[in-house]
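Subject: Structure for your review

Hello,

Here is the structure I said I would pass on. My notes on it follow below.

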Amino acid sequence: MDFLNRVLGHKPKSAQNAKERLQLVLIHDRTDITPAVLEILQAELIEVISRHVDIDPSTVRINVEHEGRSQRLVADIPLRSVPRRRAG
Amino acid sequence: MTAKVVTIASGKGGVGKTTAVANIAVGLAQDGRKVVCIDGDIGLRNLDVIMGLENRIVYDIVDVVEGRCRLRQAMIRDKRLPELFLIPAAQTRDKNAVSPSDMVRLCDELRQECEWVLIDSPAGIERGFRNSIAPADKVLIVTNPEVSAVRDADRVIGLLEAEGKTDQGLIINRLNLSMVKRGDMLSVDDVLDLLAIELVGIVPEDENVIVSSNRGTPIVLDGKSKASQAFINISQRLQGQHVPFIDLEDHDGLWSRLTKFAKGGE
């Protein structure tokens with residue numbers, strides 16, 4: 001149905017809009033973590049981790065996820081593959 | 001008797017808290033329970049007019065707290081249901097006239113007198129709300145399937161959790177089924193996904209609610225409308241009965257006949 005609507009150029013239903021907007025707004029209401037705070041967190045995490053491990057800052061993702069009424073901060077930090085050094 | 005104290009709260013105003021209190025109380029009283037309702041909205045009382053008891057107020061909750069009358073004297077007996085009582089709010093005072101510990105003391109006294117105490121919390125999350133939840137054994141959160149009402153309900157749920165008030169139930173009020181069907185209103189499942197607390201009632205939007213508030217006769221006293229049945233169901237669930245949620249499907253509608261036909265007419 002979603003696919004069909006998109007192909008036909010229908011707008012998403014307003015209830016869907018409402019739910020998606022609420023999902024985001026409730027995360028911030030519940031945790032006091034605004035998108036701005038998340039950005040700062042992400043920048044500082046990248047800085048600390050980069051000191052020890054080789055990562056690509058553009059691939060780092062930090063999100064607040066929720067399960068029922070509990071929230072967790074989830075960081076996804078892909079590591080750059082390091083070319084293997086040859087022994088000897 | 002040891003009453004259970006149930007507070008009805010919402011955060012946002014105008015979602016139907018007072019109507020819910022009046023009708024759940026009537027439902028419980030019709031089952032033969034002794035029920036005392038307390039209007040927690042000092043300065044903006046309304047439970048009296050919704051219950052149709054506005055002309056019989058002599059003393060109010062502030063009179064009790066300040067010792068001008070005994071608790072029994074402030075309890076207005078509903079003539080239609082002799083086991084139903086209202087303790088009205090004061091209209092010319094403000095919320096600070098009563099403290100959370102006053103409410104706890106008052107409800108402890110009421111616990112010996114009746115089986116159910118229902119407290120109508122004011123909107124907001126300030127003093128009046130704090131007063132209303134202080135004595136609560138259970139809190140029912142009323143919301144409408146709209147962004148602002150759901151957001152405020154979530155805030156209230158969070159505040160209740162922080163207070164250790166974990167026995168909570170959700171009432172989704174003013175559900176408009178045809179809007180849900182065409183995708184223009186949050187569904188019951190949407191709201192439950194977002195708020196993640198136990199559902200105790202779904203009340204469909206019903207014009208009769210306004211008619212009954214015009215008359216000062218809670219809709220449950222009239223019996224037959226959809227909203228009335230929904231409130232009766234809530235009062236039965238509160239008493240521990242297992243009542244299935246109202247069937248929201250319109251079985252004779254064209255859409256349901258078409259989908260049945262498409263599914264092979266099961």
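Strand β6 (residues 138–143) of chain B has five of its six residues buried, so the rest of the structure largely encloses it. Here a residue counts as buried if 20 or more other C-beta atoms lie within 10 Å of its own, as exposed if 12 or fewer do, and as partly exposed in between, with C-beta atoms placed from the backbone. Helices (H or I, at least four residues) and strands (E, at least two) are DSSP runs, numbered from the N terminus.

On conventions: this is a predicted model, in which local features need pLDDT of at least 70 and side-chain atom pairs count only at pLDDT 80 or more, while totals for chains, interfaces and linings use all residues. Residues are numbered from 1 along each chain as its sequence is written, and chains are lettered from A and ligands numbered from 1 in the order in which they are written.

Back to β6(B) and its partners. Strand β1 (residues 4–9) of chain B runs parallel to β6(B), joined to it by four bridges; two strands pair if DSSP finds at least two bridges between them. In that pairing B:Thr7 is opposite B:Val139. Strand β7 (residues 168–175) of chain B also pairs with β6(B) in the parallel sense, over five bridges, and there B:Val139 stands opposite B:Gln168.

Next, the core. The largest nonpolar core holds 87 residues, a core being a set of buried Ala, Val, Leu, Ile, Met, Phe, Trp, Tyr and Cys residues joined through C-beta atoms within 7 Å. Helix α1 (residues 17–30) of chain B gives the largest share of this core, eight residues. Among the residues with the most contacts inside the core are B:Val36 and B:Val117. Leaving out residues up to four places away in sequence, B:Val36 touches B:Met75, B:Phe85, B:Ile87, B:Leu110, B:Glu113, B:Cys114 and B:Val117; contact requires C-beta atoms, placed from the backbone, within 7 Å.

B:Leu110 belongs to the buried set of α5(B), together with B:Met103, B:Leu106 and B:Cys107. Down the helix axis these buried residues fall within an arc of 95 degrees, so they line one face of α5(B); the arc is that of the directions from the helix axis to the C-beta atoms. They pack against β1, β2 (35–39), α3 (61–65), α4 (71–74), β5 (116–120) and α6 (127–133) of chain B. B:Ser101, B:Asp108 and B:Glu109, on the other side, are exposed.

Chain A has three helices and two strands, in the order α-α-α-β-β. Of its 88 residues, 3% are buried. Its helix α2 (residues 14–31) has 18 residues and reaches 26 Å from first C-alpha to last, close to the 26 Å expected at 1.5 Å a residue, where the expected span is 1.5 Å times one less than the number of residues. A:Ala18, A:Leu22 and A:Leu26 are buried in α2(A). These fall within an arc of 60 degrees seen down the axis, so they line one face of the helix. That buried set packs against α7 (147–162) and α9 (188–195) of chain B, whereas A:Glu20, A:Arg21 and A:Leu24 are exposed on the other side.

Across the interface, 15 residues of chain A contact 14 residues of chain B. The chain A side comprises five nonpolar, four polar and six charged residues; Ala, Val, Leu, Ile, Met, Phe, Trp, Tyr, Cys and Pro count as nonpolar, Asp, Glu, Lys and Arg as charged, and the others, Gly among them, as polar.

Regards

Key
Two residues are in contact if their C-beta atoms, placed from the backbone, lie within 7 Å.
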